[in-house]
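Here are a few exercises to work through with the model open in your viewer. Try each task before you read its solution.

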Amino acid sequence: MNVLHLDSGIFVEGSVSRQLSADIIKKLQAESDISVKHRDLVTDAIPHLGADELLAEDKPLINELVEELKNADVLVIGAPMYNFTIPTQLKAWIDRVLQAGVTFRYTENGPEGLLEGKKAYIASGRGGVYSTGDASALDHQEAYLKTALSFIGITDVEVVRAEGLNMGDESREQGLSNAQSQIADIA
């Protein structure tokens with residue numbers, strides 16, 4: 001099984017999303033024989049997409065990133081919530097892999113994803129609690145990632161979430177414990 005592991009937490013040391021994504025990889029390794037391609041979107045940043053690159057005839061970086069995604073059976077994304085959404089480093093990756101005619105196509109019935117049959121895990125770290133209550137309207141992180149993945153055909157998405165991380169020691173411990181329980185349940 002081929003796994004594409006993306007990390008986008010800007011705090012390379014001490015990042016909860018990075019720790020959770022690494023723990024998911026360890027769990028997958030314990031369950032089966034896997035080959036992991038790790039791409040750190042912070043330490044090896046992808047520049048923001050520009051018109052010249054998008055309109056270019058030759059698109060080496062786009063082609064490389066799309067090929068990595070196509071080759072993956074499983075996608076593990078370390079994605080913290082920053083200002084209600086994802087890090088810009090992860091957005092730069094998404095802007096390159098959502099390619100019309102390559103990872104999705106437009107049909108008379110609307111867009112159709114071309115990367116069906118893949119599994120994705122989102123390792124989500126959040127300072128507050130956004131999964132329930134009034135604050136759930138502010139969640140543009142997990143919802144956006146699920147939408148982007150679904151758009152290219154990846155609909156089997158599992159979120160491993162640690163939230164409340166900046167709301168005191170007790171809340172942080174509970175959030176981390178909840179996430180570790182979710183990882184333990186990965187089959």
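This is a predicted model: local features need pLDDT of at least 70, side-chain atom pairs count only at pLDDT 80 or more; totals for chains, interfaces and linings use all residues.

Residues are numbered from 1 along each chain as its sequence is written, and side-chain values use heavy atoms, with hydrogens and water left out.

**Exercise 1.** Find the buried residues of helix α5 and work out how they are arranged around its axis.

Solution. Start with the range: α5 covers residues 142-151 (helices are DSSP runs of H or I with at least four residues, strands are E runs of at least two, numbered from the N terminus). Next, pick out the buried ones, which are E142, L145, A148 and L149. Buried means under 20% relative accessible area, exposed over 50%, and partly exposed in between, with a 1.4 Å probe and protein chains only. Finally, check what covers them: β3 (74-80), α4 (88-97), β6 (119-125) and β7 (156-162) are included.

**Exercise 2.** Classify the ring pair F84 and Y130, and say which parts of the chain the pair ties together.

Solution. A search of the whole structure gives three aromatic pairs. Rings of Phe, Tyr and Trp (its six-membered ring) pair if their centres lie within 6.5 Å; planes under 30 degrees apart are stacked, over 60 edge-to-face, the rest tilted. For F84 and Y130 the centres are 6.1 Å apart and the planes sit at 80°, so the pair is edge-to-face. F84 is in the loop between β3 and α4 and Y130 in the loop between β6 and α5, so the pair ties together parts 46 residues apart in sequence. As for accessibility, F84 is partly exposed at 35%, while Y130 is buried at 16%.

**Exercise 3.** Place F11 in the chain and list its contacts beyond its sequence neighbours.

Solution. F11 belongs to the loop between β1 (2-7) and α1 (16-31). With 55% relative accessibility, F11 counts as exposed. Set aside neighbours within four places in sequence, and F11 is in contact with R18 and Y82 (contact means heavy atoms within 4.5 Å).

Methods. The arc is that of the directions from the helix axis to the C-beta atoms.
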